[in-house]
Amino acid sequence: MRQRIRPSHLRTSAAFVAAAAIAAAVPAVAAPSAYAEEAAPALVISNLPSTSPKPGDVYDENVVITNNGTAAADGVTFRVRLTRGLDFTEEAKGCSYSTVQDQVRQAVCELDLTVEPGASVETPVRFKALDSALMEAVEYGTSATGETPGEGYDDSYRRMTLTADSSADLVAV
């Protein structure tokens, strides 16, 4: 038995197929503008080499700041925080110094430079171990855009822990 297809069913089916094809194509056509990213810097910070300083030792290493983004970072705010057994060797130009929670010493430095996409710059991280140094930490870095870093650690803001070669924890008997 042969079934006859009525023309009205063909029009409905053809209209449905056409609508589905258009609906499927619209996101593909709109996708580039919907997912287009704005140009922005993406700063990352290198890791500092670990150390076990003795009291009085000075740590003086450079950090590399690299822009993996698509826009320049014009001016970079770089922060260093030191726990109570560490201190800055001297005050650097362009930096403001303060003490924050739990006797953490902090330097916030305004680096007057531009980091172009794909470029890298270096900045020093310098501190000394005090006689009271034992289990210490150094936080250092910026934000991905070069602004003052928030809380927490990522590729732009890092933390290095160190154990000082110290007898500060020994008591004479």
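A disulfide is taken here as a pair of cysteine sulfur atoms within 2.5 Å.

## Basis of the report

The model is predicted, so local features are reported only at pLDDT of at least 70 and side-chain atom pairs only at pLDDT 80 or more, while totals for chains, interfaces and linings use all residues. Residues are numbered from 1 along each chain as its sequence is written, and side-chain values use heavy atoms, with hydrogens and water left out.

## The disulfide

One disulfide is found in a search of the whole structure. Cys 95 and Cys 109 form it, with their sulfur atoms 2.0 Å apart. The torsion about their S-S bond is about 105 degrees, and the disulfide is therefore right-handed. Distant parts of the chain are linked by this pair: Cys 95 belongs to strand β5 (residues 95-100) and Cys 109 to strand β6 (residues 104-115), 14 residues apart. Strands, like helices, are DSSP runs numbered from the N terminus; a strand (E) needs at least two residues and a helix (H or I) at least four.

Both Cys 95 and Cys 109 are buried. Burial refers to relative accessible area with a 1.4 Å probe and protein chains only: buried is under 20%, exposed is over 50%, and partly exposed lies in between.

## Overall architecture

Of its 173 residues, 31% are buried. Contact means heavy atoms within 4.5 Å. Among contacts between residues at least 6 apart in sequence, 72% join residues at least 24 apart.

Strands of a sheet pair through backbone hydrogen bonds, either parallel or antiparallel.

Thr 66 lies in strand β2 (residues 58-67). Its relative accessible area is 18%, so Thr 66 is buried. The side chains of Thr 66 and Ser 120 are joined by a polar contact of 2.7 Å. Such a contact is a pair of N or O atoms within 3.5 Å; within protein, one atom must be able to donate a hydrogen and the other to accept it, and residues adjacent in sequence count only if both atoms are side-chain atoms. Neighbours within four places in sequence aside, Thr 66 is in contact with Ala 42, Leu 43, Val 44, Ala 119 and Ser 120.

## Aromatic pairs

Three aromatic pairs are present in the structure. Rings of Phe, Tyr and Trp (its six-membered ring) pair if their centres lie within 6.5 Å; planes under 30 degrees apart count as stacked, over 60 as edge-to-face and the rest as tilted. One of the pairs is that of Tyr 59 and Phe 127, which is stacked because the ring centres are 4.7 Å apart and the planes stand at 20 degrees. This pair links distant parts of the chain, with Tyr 59 in strand β2 and Phe 127 in strand β7 (residues 120-129), 68 residues apart. Tyr 59 is buried at 8% relative accessibility, and Phe 127 is buried at 0%.

Tyr 153 and Tyr 157 also form a stacked aromatic pair, 6.0 Å centre to centre with 0 degrees between the planes. Tyr 153 is partly exposed, at 45% relative accessible area, whereas Tyr 157 is buried, at 2% relative accessibility.

## The nonpolar core

A nonpolar core is a set of buried Ala, Val, Leu, Ile, Met, Phe, Trp, Tyr and Cys residues joined through side-chain atoms within 4.5 Å. The largest such core has 27 residues, of which Phe 78, Val 80, Phe 127, Val 138, Tyr 140 and Met 160 touch the most other members. Two or more residues each come from β1, β2, β3 (73-82), β6, β7, β8 (135-141) and β9 (157-163). Strand β3 gives the largest share, five residues.

Leaving out residues up to four places away in sequence, Val 80 touches Phe 88, Arg 105, Gln 106, Ala 107, Val 125, Val 138, Glu 139 and Tyr 140.

Most residues other than glycine have a negative phi. Asp 102, although not a glycine, has a positive phi of about 50 degrees. Gln 103, also a residue other than glycine, has a positive phi near 60 degrees. The loop between β5 and β6 contains Asp 102 and Gln 103. Asp 102 is exposed, with a relative accessible area of 59%, and Gln 103 is partly exposed, at 48%.
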